[in-house]
Structure formats: structure tokens, C-alpha cells
Amino acid sequence: MGPTFGTTNLKRHLEKHNPDKAKEGQNEPIDQKTYREKMSLAICRHNYAFSFVEHKGIRDIHSYLNPIARHISRNTAKSDILNLYAREKELLKAELALISSRVCLTSDMWTSLVSNGYMCVTTHYVNINWVLQKRVLIFRHVPPPHSGVVLGHFLIDFLKEWGIEKKIFALTLDNATCNKGVVDVLKNHLSLMRSLVCEGKFLHVRCGNHILNLIVKAGLAKVDAAIGKIREGVKYIKNSEVRLEKFAECLSNLGLPCSKKLRQDVPIRWNSTYQMIESALLYQQAYIHYDLVDPDFRHGLFEDEWKKVEIVATFLRPFYDITTLFSGCKYPTTNLYLPNIWRIEMLLVEHKRSKDPMMTEMATSMLKKFKKYWESYNIILSIAMVLDPRYKLNFVKFCFSKLNSDSADQKVKVIEDNLKLLFEEYLIPSTTTSLSTSLPEEHACSSRNQMTEAFEEFDMFQSQLESSTSKTQLELYLEEANVDRKTNPNLDVLGFWKDNKLRYPELSLMARDVLSVPITTVASESAFSTGGRVIGKFQSSILPANAEAKLCTRDWICG
């Protein structure tokens, strides 16, 4: 063994008599600011309580990974999340201020476990890259009363807070009674500011999925007995571990897959009822077998009832697909409304002529509801169809001729007039392109001024001549051949307008705003699922401001 020196001996001495300090020296230093921010993100992403940072198990793991990590308290974690929320909010406000497009909103109300009312507002807009965006802007406690006037003024205050008062294009709401008051208050306020497009004619959009829900429920009421048996049967089996094991044994004996679970619906959501029916049909033989082995089971279906359920499932499948399509937030949905509404009407008319009396009865009830809500739809949904280069105005004419041939011409004329009216709102004076010269710098400025003055009168004359003889961007677009629908079934409509923004500068801006309108309130409703976890039974005492900070930060950063 070679000779040792003073530093080596000192190191050995420290390792022997102070192992903790030696271990600390072996760990790389950590950035405490980054550590705290990552803890804040983890709390928001996974809906942890603020006390998560004080859990002994978590602290032990962090100390094991790096003993020099400084643990934080729940109050520090809360403060960090509020600071993160404030920072991200300012960034989003800056983004909304910079975009040239208008923004669309969806809004809905939710009641927490402790009966506090919360309003959720989401914004939908197209960013500078022509990509559709969705952000939750507020998830805020609103004290009662929740009347239309109160909620309308609350919404106005929120618009001021975010600085988007003058950028609103449309507001999508469900059919709640108070929402008419909300729209009236908002429309009056924005009209005074002269910030509405076409004086607010296109401001209020009704939630397409909510309307579909009402239409389908009218049909389901005709077969409520059979569906009620399935619902109660699922509840009965799922309420006991012994019954679940017995049902699983039935599946095994029949060689049926056990991967899919029994579905229990939420009666107010027809799409969940459809999923429950679909699951029950998959396990039909198991239900029949279970009815034989469990003498206490009182919810078995007769053969004719199973046939009814099969008919209902076949009947509802297209409606389920359309609801799923309407619920998207990552692609434009406005241009999808009219063709699918036409498809629904055609299906209902076809089923009304069916030889099956039950199907005829269902279709008749649903058609009555359909006609009631069809008359109050927003014209902007037809304009969006025109702005889809695969369809344009001819498809709108076709749909209306099928929906109601008597009034088709009149309604198409209304749509054409409103389309032109909306386009005129987007027409702005063109700026003159500056002329470059090869003159020295000191003479360039005065030379450009002289040339501008010399050609100013000519530019005005040419502009007037072109406006009187040339066609508008809208006319040119409508006369241009349609994009082939068969070879472009999944056309990126926003991408089309991005690629053609130089050919149709003002029309592309109009298309960008129209195509950002959401036709459902799903974006706001989906926030309630997160809200139910943030303000769950184990965190029901969380302050509303803290709940909003956690939920919004999660949406902005994690998506």
C-alpha cells in the first residue's frame, strides 16, 4: 500500500466519524425553486391535497433521493400553486391579447358536494399557427341567486378581468332557463361597446349535444320498462361482491369475455344509457343464466323485451356516433352540425316508416322534439358549412331541401344574406405597400413621400375601379370548384384557410372565427369531472380560490 497524504486521511476521518456529511457531499446540489415548482405541478396534475407535501412517506422518498432537499409545508405548497396560477394566467392573457382572431366561449354551472355553485367558462380560439385551442378560463364560485341577470353580470366582470370584452364572437350554452337572461345581459352590455359582430346576431349558440339528449330521451321514454329492468339488474349485481363473482362464473361457463365491465348509466345522460344497453346485449346470455341461478334476482328480461332492447341499440348507434363527433375540442365542429342534423332527420323519417310499431312510435316522438329545436338553431352553423370547401352553398341548399322543401328557398336566401353581411364586417381597407428605391438613405424617406403623394390619387381611382368591376373574395370562393369530398374525407378545414389566406385575406379571417365556434358545452362540462376530484369528499373544505387555481393551472399546463 502506497503512502497516504493529509487530505486522504482527513477524508477517511470524516467518512468514519460523520457519515451524513460525507453522504451529503456525494449528492449533487438541487435547485430548490425547480423542486418546488415540480411539486406544484404534481399536485395540480394528480389532484393531490396541499398536505401531500407533508406526508412522511413522500418526504422519506425525497430525502432518500437527495438528503439536501428541503421539504416544504402545505402552506408553502399552496402559495407556490397560487403563484404558478398567477404566472400562467398572465401568459394566457398576453396570448389572448396578441391573437388577431376573436374568441368563442362555453359556459355551464356545477354544484359541488357541499352545495356550492361554480361557473366554468372555457374559451375556444385559433392561435397564430391556425390550430384550434381550448382553455378553461375560470372555475369560480358564484353565490346564489343563480338568476340570468346575476350570472350575466358575473360573466361581464370575468370578461373585463381577462381583457377580452371586445373579442367575443359567440357564446355556447345549454337550454337552462336562466341562460336566456345571461345572453340578454351580455348582449346589451357588448352592444353598448359596439364590439359585437353583426350586432350580436350570431352570439348565442345552443348546445347541440343537449338538444340531442332531449330528442333521444323522448324516444327512450317509449321503452322505459325494458331499460329500467337492465338498469336495476346492473345495480343489483354490482352492489354485492358475491353477486359479481356469481355473474363472472356465468360468463366463464358460457365462454364470454370478462374484460368488459357491467355498465351502469346516469339516467339524465342518454349516451351512458346507450353504453349500458350495449354492455347488456354483449352479456345477454349471462343475464339469462344468472336469472336461473339467483332466485332473488327480480330484473330478468323476457325474450320480447330483449328484442326491443336490440332494436333500441341499433336505433341509437348513429346518434351516439354523432354525439361523440360533436364533443370534439381539437377540431372544428361548427361545419359538422348541418350535415349530421340532416342525417338525423333522414334516420327518423326512415324509422317512422318502419313496420315495427315500437320503432315507429320512438321515431314519431323524437321527430316532434327535433322540429321544435330545429326551428331555433343559429344561422352561423349553416355559414360554417358554406366555409367548408368540400360543401359550400350547394350542400346547404341540398340539406334544406331535404329538411323542409316548402321553406328551403326562403331559408337559403336568409343564409346568403347573413353570409354577405358577416363578410362585410371583415372587410378592412388595404394598406399600401411601401416602395423601395436604390437612392441613398438620406434621400430615401423624402423620395418615398413624394412617390406616395404622386400615386395617392391613382391608388384611390384604381381601388374604386376594382371594387366596381371585380368580384369579392366571397364570390370567387363560392365559384371555385369544391375540394373533392371523397378524396378528402378528413380535410383539415382550418389548414385549408391557412394555406389560402393570401388569396382570401378577409374571408380567411372570417372563416377562422366561424370555425372556432364550439357547438357543445362539453369543454365546460368536462372540467366538472376534474372539479369533482379537486373538490371531492376528501377535499370538500378547500377554498374556492384554491380550487380554481389548481384546476385552471392543470388545464393550462397539463392539458
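What volume does the second largest cavity have? I looked it up in this predicted model, and the answer is about 50 Å³.

**Entry: second cavity.** I listed the residues around the second largest cavity and got Val 205, Arg 206, Ile 211, Tyr 337, Tyr 373, Ser 376, Tyr 377, Asn 378 and Leu 381. Sorted by class, that lining gives six nonpolar, two polar and one charged. Arg counts as charged, so Arg 206 has to be the charged residue here.

**Entry: the whole search.** I ran through the whole structure for cavities of 30 Å³ or more and came away with three.

Entry: Next I went for the packing. Nonpolar side chains tend to be buried together in soluble globular proteins. The largest nonpolar core here has 98 residues, and I noted Phe 169, Leu 422 and Trp 497 as the ones touching the most other members. Helix α13 (residues 303-326) supplies the largest share of this core, with ten residues. Apart from it I found another core, of 54 residues, including Leu 151, Ile 156, Val 185 and Leu 551.

**Entry: Phe 169.** What does Phe 169 contact, once I leave aside neighbours within four places in sequence? My list reads Arg 102, Val 103, Cys 104, Val 197, Phe 202, Leu 203, Ile 380, Leu 422, Tyr 426, Asp 513, Val 514 and Val 517. Leu 422, already noted among the core residues touching the most other members, is one of these contacts.

Key
Residues are numbered from 1 along each chain as its sequence is written. This is a predicted model: local features need pLDDT of at least 70, side-chain atom pairs count only at pLDDT 80 or more; totals for chains, interfaces and linings use all residues. Side-chain values use heavy atoms; hydrogens and water are left out. On a 1 Å grid over the protein atoms alone, a cavity is a set of points where a 1.4 Å probe fits but cannot get out, and a pocket is an open set with protein on both sides within 12 Å along at least five of seven lines; lining residues have an atom within 4 Å of a point. Grid points are joined across faces, edges and corners, and a volume is the space filled by probe spheres set on the points. A nonpolar core is a set of buried Ala, Val, Leu, Ile, Met, Phe, Trp, Tyr and Cys residues joined through side-chain atoms within 4.5 Å. Buried means under 20% relative accessible area, exposed over 50%, partly exposed in between (1.4 Å probe, protein chains only). Helices (H or I, at least four residues) and strands (E, at least two) are DSSP runs, numbered from the N terminus. Contact means heavy atoms within 4.5 Å.
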